[in-house]
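Take a look at the model below. We will walk through it step by step, starting with how its parts meet.

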Amino acid sequence: MPRRVVIDRRMTELLRDDESGIARAAGLLREGALVAFGTETVYGLGADATNAAAVAGIFAAKGRPRFNPLICHYDSAEAAFRDVIADDRALVLAAALWPGPLTLVLPRRPDCPIALLTGAGLDTQAVRVPAHASALALLRAVGRPVAAPSANLSGQVSPTTAQHVLRGLGGRIAAVLDSGPCSVGVESTVLDLSGPDAVLLRPGGATVEAIEALIGPVLLGSTPGAALRSPGMLASHYAPSLPVRLNAETVTEDEALLAFGPALPGAGAVFQLSETSDLTEAAARLFEGLRVLDGAGMRGIAAMPVPYVGLGLAINDRLERAAAPREV
Ligand code: TXA
Ligand code: MG
């Protein structure tokens, strides 16, 4: 008889959203641990956005097969706009609709401390200030941007209670800050302000009408051209300008080597993803590695094989896109 599999959820702390629970959650986040927390939209799975290894842990815990760009959460617009460049539209929207269920996609500042993995290597970063007292208290206590996708396993629906979170991620994350059910229950509206047109990438808690009343017409994601900006599609994803060769077993002196495990000898430049073949470490260093090698003055990038297990799926997804023939 097959035995019923009992998932051990005891390893995940269930914290109350009082002063000591929030302090504990903030301490865990600052140490690089994963903590789910309630917002007005859905529960988010939080990590210190400036810590690439912690952010890699989000993808591992969710079982996401690709590195989707994540939203950074802040306790104020001022804090958000220290990391990304706000134009007049962003300032007007933030003044009227933050805190609230609106996410703005804006260019990273040159000195932006957010890990490249958080934004999936893009030059833009999604930011928002949630309208939720304990989420804001948590963000204030952490004092750093907190990256948080919805706190569900990949492919499952977004959670709106702490119990939903535990059902999917119990035993896989350090803690859940229980702030009761979410009031909005759908995700935030995602608005791309990185180009001249405001483009709606995802409808959500903030209405298009409210946004248009403040900044004028918004292009819908289905508009031709706008679709190109959806994450995972062409233009928006960072791809190195050099050709990328996958599964390299040898390397030449005019090539830059993206190493995983002991590096192949003979490359003109080397970036080590993980000497010990640790997939979480490799995920955390991937986007930095592609950028560094792209600028190393070589003829091409040779990538050593990465196994197709765990975070290796998302790493290979990104490398395969980088190696694919370029769209024009
Ligand atoms: O309400 C919400 O937004 C919740 C709570 C936790 O804040 N978070 C959430 O995150 O729904 P997630 O990861 O499930 O969805 C984020 C969305 C995705 O569609 C992602 O592709 C898009 O935002 N996104 C994030 N960064 C982006 C960027 N730089 N450019 C374009 N789209 C981006
Ligand atoms: Mg989600």
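Buried area is the accessible area (1.4 Å probe) that two parts lose on being put together, summed over both. The size of an interface is often given in this way, as accessible area lost when the parts come together. This is a predicted model, where local features need pLDDT of at least 70, side-chain atom pairs count only at pLDDT 80 or more, and totals for chains, interfaces and linings use all residues. Residues are numbered from 1 along each chain as its sequence is written, chains are lettered from A and ligands numbered from 1 in the order in which they are written, and side-chain values use heavy atoms, leaving out hydrogens and water.

Start with the domains. The assignment, automatic or from a database, gives domain 1 (9-220) and domain 2 (244-323). Their centres, taken over C-alpha atoms, are 29 Å apart. Domain 1 puts 16 residues into the contact and domain 2 puts in 14; contact means heavy atoms within 4.5 Å. Together the two domains bury about 1,100 Å², with 70% of it on carbon and sulfur atoms. On the domain 1 side, Arg66, Phe67 and Leu116 lose the most area to domain 2, together 43% of what that side buries.

Charges meet here too. The rule finds two salt bridges across this interface. A salt bridge is a side-chain nitrogen of Lys or Arg within 4 Å of a carboxyl oxygen of Asp or Glu. The side chains of Arg66 and Asp317 form a salt bridge, at 3.5 Å from N to O.

Now turn to helix H5 (residues 133-142). Helices (H or I, at least four residues) and strands (E, at least two) are DSSP runs, numbered from the N terminus. Which residues of H5 are buried? They are Ser134, Ala135, Leu136, Leu138, Leu139 and Val142. Buried means under 20% relative accessible area, exposed over 50%, and partly exposed in between (1.4 Å probe, protein chains only). The buried residues of H5 pack against helix H1 (19-30) and strands E2 (35-37), E4 (71-73), E7 (146-147) and E8 (175-178).

Just after H5 comes Gly143, with a positive phi of about 70 degrees. Gly143 sits in the loop between H5 and E7. Because its relative accessibility is 62%, Gly143 counts as exposed.

Finally, look at backbone angles. Most residues other than glycine have a negative phi, and most peptide bonds are trans. Ala120 has a positive phi, near 50 degrees. At 1% relative accessibility, Ala120 counts as buried. A cis peptide bond joins Trp98 and Pro99, with omega about -10 degrees.
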